[in-house]
Amino acid sequence: MKASEDEPNIRFFNFNGLKEVHYKEVQQTMINMVPELSERYRADLVQDSSTHLASKEKRSFGEIKNTKDFKSMCQSRKACAIALLPSITVIDYEAENHARRLEVLEKIEEQAAAALTPVHYSWINTTCHPEVFSYFDVDPNFVPTVVFINTAKNTHGSMIG
Amino acid sequence: MSPPIDAQNDKLLVGSIVENLAAELGDYIDICVVFSNDAARIKKEFKSKAPLWRLYPNGASSEKAKKEGSFEILVPSGLVLTEETDRFVLQSHLRQELFENYNDDVKSVTQKVLISSFQQFANEKFMIAYMHDAESEGGVPFDFRALSNDPYLKDDFAFFDVIDPDDFIIGQ
């Protein structure tokens, strides 16, 4: 063990009888040898768990505009549902349809939050992001549709009809 | 060559290999699988048919260093992902490549050097030595090698590998 002012002589610590090295076990033992390290480790654990809880609890329905949004609104969740919506707002009836679809989705998200359903809802503007069709194997003729993603299993499926 | 991966089923099979590796090493190694379509940049970059297994060097910080230090893992030919035994062979092969090419911070030293290092590091670091017989199978365990890169331990600990130490030093 490291020499210090209190203990100027080298001290030995023996992992008695340890036949196999298990990462976590040894890591914890070593961290506990250094009080400052142990303190930092525990502080990080507390921060990690509170960040995790905060991200778990915080639900919000919205548009996915970039990769960062996709990560926070979908990839960091257990499961998510993304509505692929063409957003044409220059034609009045299309704009009304779009607004109505968003209202419906928002209601579903609220219901999911109330029921503690692990599926988080969001939407992507396919007029601006046509590349999502190939990402989710969706035929562009089938929009509007909803893609369900199981992030834990890295699988997805879309609604037809 | 293995059959091309283009079906959801194949994705699941590849996913199961990666999940098994992650279950074994996930506490300290980041393992990921990337599924790309024909338009993906990564696919164009390597101009190769899927599946493509690449090993990226651990500890490299920049994208350039990661890219330059990476290489393709050549897998045994004729493996069929739907066969469990073949998946096991592939998984073992990937695991072996990872173990052989992992960059650790364990210094292989003789007992004499270890003792002199006590003086050198005594006031700076805790010294952790893995001592074993020359004949022991597998050499230094992967867990020990990975510990040498642990972000919490890096500053305060030095890791050593000592082969065939004398009894007196083991007794310490």
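What share of the contacts in chain A with a separation of 6 or more comes from residues 24 or more positions apart? The share is 58%, where a contact means that the C-beta atoms of two residues, placed from the backbone, lie within 7 Å.

## Basis

This is a predicted model, in which local features need pLDDT of at least 70, side-chain atom pairs count only at pLDDT 80 or more, and totals for chains, interfaces and linings use all residues. Residues are numbered from 1 along each chain as its sequence is written, while chains are lettered from A and ligands numbered from 1 in the order in which they are written.

## Chain A

Five helices and four strands make up the elements of chain A, and from the N terminus they run α-α-α-β-α-β-α-β-β. Both kinds are DSSP runs numbered from the N terminus: helices (H or I) have at least four residues and strands (E) at least two.

Of the 161 residues in chain A, 14% are buried (20 or more other C-beta atoms within 10 Å of the residue's own, with C-beta atoms placed from the backbone).

## The sheet

Four strands of chain A form an open sheet in the order S2-S1-S3-S4, with mixed pairing; strands pair if DSSP finds at least two bridges between them. Strands S2 (119-125) and S4 (155-158) of chain A each have a single partner strand, so one side of each has no neighbour in the sheet. From one strand to the next the twist averages 20°.

Strand S3 (residues 145-150) of chain A pairs with S4(A) in the antiparallel sense over four bridges. Phe148(A) is opposite Gly157(A) in S4(A).

Methods:
Buried ≥ 20, exposed ≤ 12 C-beta atoms within 10 Å, placed from the backbone. Axes fitted to C-alpha atoms, helices over the stretch in contact; angles between N-to-C directions.
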